[in-house]
Amino acid sequence: MPAIRILPDVVANQIAAGEVIERPAAVVKELIENSLDAGARRIEIEFSKGGKNLIRVEDNGYGMSPDDALLSLERHGTSKIREAADLLKIGSYGFRGEALPSIASVSRFTLRTRTEERPHGTEIFVNGGRLVHAKECGMPGGTQIEVAHLFHTVPARRKFLKTDNTEAAHIVHLSRLFAVANPNTSFTLLENGRTLFRSPVCQSLRERVGEIFGRQIASQLIEIEAEEEDYKLTGLIGKPGVGRATRHELVTYVNRRPVDSRTLNFALIEAYHTYIPKGRYPLAFVFLEVDPAKVDVNVHPAKREVRFREEGRLRHFFIRAVLDRLREAATVSAVGVASEEPKPTPINLQARAVPDFGKGLTGISSSPATVSRPIAPGAPIQLEKGNVDGAPVAVPPEPFKIATPAMEGSLNWRYFGTAHGSYVVFETDNGLVLLNWRGARGRIFYEDILAGLEGKSQNCQKLLFPIAFELDALASAALEEHLDFFQSNGFEIEQFGRNYYRIESLPDWLDPGLGEGFARDLLSLLRERGLNPNRPEPAREEIARLASDRLAQTSRLFGQVEPVRLAERLMTCRNPLNDHRGRPTFFEISWGDLEKKFGK
Ligand code: ADP
Ligand code: MG
């Protein structure tokens, strides 16, 4: 049996390096954090060949004494925490005392540092974890660290690195994140002596974002500030309508630490759902302050992930804060006083109810019949109310007139043909009728489904082959919250594993082939709007509208008889004039109008 041995420090450090230092950008991160922890007001970062050949970080922080300089390279040498309990109230970036020894174990590492009080600095050179020399040197107050030939002691790891360009992109992104979070410190980033960015001490976050990400982006941002109990959210978010093609400008910080948090990212994406076109990402530089005892930054050695206690509450807070701000901004710009962006007064979210379906995402006006969302390009769902009783009836342009159809009896419309795939042309006694047949279908589905939903007993179809599907953790939590709602509307859904579900039955109006997609759409609708159990009508209308969209899109129209039946069926609807989204279903051109057109 092999005997147990304690690993030499060099080996232990190299193993730790595998965790802490996954790529050159991670070295940059550790060094910047140390500089910030040391109170630096000026930080200069330089790298070459994606950081593989050289990374240099210099600061004017408080430096280290010769003894401390040596200690800083010992495993678990840290000045930042003393006991485990301190972990709960970490105010500094670093706390493990792992970074420097790890980096030094896998590179040619030079540390030069001087405190203000001492006449000389200290220079320490370590190669692959072995101390080569330590001596006095002349230098200004602060610390300079050079990391050359990263991973030269572990060639296997070097192979895992991506191209220089990719690694460089990571370094640039990371440096930007820290620069944005610390406007009071000047930042310079150089690649091979060429300046990538240089930002002096800035007065504000907006100024810093402008320096680093460009003036254009800075001008598209609005301030956000919200507080709820122990949460505080501040920063800048994109104006309504402003989205980006990538996530690079969706930046979140927790207690000033840049984090890659699914919870926060999803909350932002969700809040912007109807404020930016589909497929675009929100623009945000937001800072969450939360009691350090409520977030665990100790999850991953590289500390990119965070874990929150009370995720759900946090998510809610985040979404509401952002939504409130977006609505406010949309209202302001709609009224036309948006040029000077007012600083928002902190919003007390405690008093506010979760948005419900009815008020949902409407913005400007509170009058229900005329509400339209102010700026929401690509918004999937309009929230006009009262469609059934005919509220937003679109008036067709002259010279067309809406025919007032005879509601009973057979409709003397003779099929003539189909034009442009979408329009059925009929000849009637009075003239020509152009019918948008998908709109007609949409209206019929809408009223049928709504009637089904309003009826106490929902007609279900038990599926022969249940539909299995997977959700991410957030969606899964939302589904559980809304299972009753689904149930009462004819969806029987069962969980059969963590985040796995099975649809056992569907409402009878829904084609099983559309079941999963529909359930997902409905779920995102519920998550976005929240659901008010006391007011089921708006929710039902949404379901019916959503379902009608899907059904109308996929339906077909055949032959000569079906169009006539369709028209007749349409005329029995409560509102045959408009489809389920308020658009006209048909026009009539009277013979008289036609004759006028031809100058008769
Ligand atoms: P940690 O940051 O987790 O404490 P590190 O290995 O990154 O561990 O650094 C070890 C110690 O070295 C720090 O606690 C700090 O006292 C000192 N140190 C590192 N970098 C600097 C710096 N740029 N300026 C002053 N002190 C530093
Ligand atoms: Mg550190």
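Author: There are 16 helices and 23 strands in this protein, where helices are DSSP runs of H or I with at least four residues and strands are E runs of at least two, numbered from the N terminus. It's a predicted model, so local features need pLDDT of at least 70 and side-chain atom pairs 80 or more, while totals for chains, interfaces and linings use all residues. Residues are numbered from 1 along each chain as its sequence is written.

Reader: What makes α2 and α6 roughly parallel to each other?

Author: Helix α2 (residues 24-37) and helix α6 (residues 164-181) pack at about 20°, with axes 8 Å apart. Axes are lines fitted to C-alpha atoms over the stretch in contact, and angles run from 0 to 180 degrees between N-to-C directions. Angles under 35 degrees count as roughly parallel, over 145 as roughly antiparallel, 65 to 115 as roughly perpendicular and the rest as oblique. So α2 and α6 come out roughly parallel.

Reader: Which residues of α2 and α6 make the contact?

Author: Contact means heavy atoms within 4.5 Å. On α2 you have P24, A25, V28, K29, I32, E33 and L36, and on α6 E167, H170, I171, L174, S175 and F178.

Reader: Why does S35 count as buried?

Author: S35, which sits in helix α2, has 3% relative accessibility. Buried means under 20% relative accessible area, exposed over 50%, partly exposed in between (1.4 Å probe, protein chains only). So S35 counts as buried.

Reader: What does S35 contact, leaving aside neighbours within four places in sequence?

Author: Those partners are A40, I43, V57 and D59.

Definitions and conventions
Chains are lettered from A and ligands numbered from 1 in the order in which they are written. Side-chain values use heavy atoms; hydrogens and water are left out.
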